[in-house]
Amino acid sequence: MTVKELCAQCGFEAICMPEPDREVNGAYIGDLLSWVMGRAGFDNAWITIMSNINVIAVASLSDVSCVILAEGVSLDEEIKNTALDKGINVLKSSLPSFETASSLIGKV
């Protein structure tokens with residue numbers, strides 16, 4: 001499934017989607033950035049409530065297909081522009097992390 005398809009099927013809001021056709025092959029939930037760097041898999045959807053600039057750096061280093069910001073968290077404009085420049089897809093869910101992850105079951 002692509003990031004664009006995942007966004008539509010799960011009802012997420014696209015904050016920025018520079019690579020909508022990137023494949024999603026799993027998910028990882030975590031807010032400790034160093035932990036995510038070592039454990040999130042290639043093409044995973046990363047679910048977090050963190051919204052600082054380091055999230056974009058970790059997403060790039062981990063090569064995840066997208067970041068899903070749970071609990072209605074959003075990005076400021078500067079971080080959004082950095083995500084666009086680095087080709088990082090960022091989606092937004094109004095649900096808590098567990099429920100956001102549950103909505104991915106059977107889709108990725």
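Modeller: A salt bridge is a side-chain nitrogen of Lys or Arg within 4 Å of a carboxyl oxygen of Asp or Glu. Before we use the term, two remarks on the model. This is a predicted model, in which local features need pLDDT of at least 70 and side-chain atom pairs count only at pLDDT 80 or more, while totals for chains, interfaces and linings use all residues. Residues are numbered from 1 along each chain as its sequence is written, and side-chain values use heavy atoms, with hydrogens and water left out.

Colleague: How many salt bridges does the structure hold?

Modeller: The general idea is that side chains of opposite charge can pair when their charged atoms come close. Here there are 2 salt bridges. In one, the side chains of Arg22 and Asp43 meet at 2.6 Å, N to O. Arg22 lies in the loop between S1 and S2 and Asp43 in the loop between H2 and S3, so this pair ties together parts that are 21 residues apart in sequence. The labels H and S are DSSP runs numbered from the N terminus: helices (H or I, at least four residues) and strands (E, at least two).

Colleague: Which residue does Arg22 meet in the other salt bridge?

Modeller: Asp63, at 2.9 Å from N to O. Asp63 sits in the loop between H3 and S4, so its pairing with Arg22 joins parts that are 41 residues apart in sequence.

Colleague: Is Arg22 buried or exposed?

Modeller: The cut-offs come first: buried means under 20% relative accessible area, exposed over 50%, and partly exposed in between (1.4 Å probe, protein chains only). Arg22 is buried because its relative accessible area is 16%. Asp43 is buried as well, whereas Asp63 counts as partly exposed because its relative accessibility is 33%. Contact means heavy atoms within 4.5 Å. Leaving aside neighbours within four places in sequence, Arg22 is in contact with residues including Met1, Phe42 and Asn89.

Colleague: In what order do the strands of the sheet stand?

Modeller: Strands of a sheet pair through backbone hydrogen bonds, either parallel or antiparallel. Two strands count as paired if DSSP finds at least two bridges between them. In this model 5 strands form an open sheet in the order S1-S5-S4-S3-S2, with mixed pairing. S1 (13-16) and S2 (26-29) stand at the edges with a single partner strand each, so one side of each has no neighbour in the sheet.

Colleague: In which sense do S1 and S5 pair?

Modeller: S1 pairs with S5 (residues 89-92) in the antiparallel sense over 3 bridges. Ala14 has Leu91 as its bridge partner in S5. S2 and S3, in contrast, pair in the parallel sense over 4 bridges, and Ala27 has Ala45 as its partner in S3. The chain crosses from S2 through H2 to S3 in a right-handed β-α-β crossover. Right-handed means that, with the strands pointing away from the viewer, the path from the first strand over the helix to the second runs clockwise. S3 and S4 run parallel, joined by 4 bridges, and Ile47 stands opposite Ile68 in S4. The crossover from S3 through H3 to S4 is also right-handed.

Colleague: Which residues of S3 lie on each side?

Modeller: In a regular strand the side chains alternate between the two faces of the sheet. In S3, Asn44, Trp46 and Thr48 are on one side and Ala45 and Ile47 on the other, and all are buried.

Colleague: How many residues does the largest nonpolar core have?

Modeller: In soluble globular proteins, nonpolar side chains tend to be buried together. A nonpolar core is a set of buried Ala, Val, Leu, Ile, Met, Phe, Trp, Tyr and Cys residues joined through side-chain atoms within 4.5 Å. The largest one here has 20 residues, and among those with the most contacts inside it are Trp46, Val67 and Leu69. H3 gives the most to this core, with 4 residues. A second, separate core of 14 residues includes Ala45, Ile68, Ala101 and Leu104.

Colleague: Where is the place of Ser51?

Modeller: Ser51 is in the loop between S3 (44-48) and H3 (53-62). Ser51 counts as partly exposed because its relative accessibility is 27%. Not counting residues up to four places away in sequence, Ser51 touches Val73, Ser74, Leu75 and Ile79. Ser51 and Asp76 are 25 residues apart in sequence and 8.3 Å apart in space, C-alpha to C-alpha.
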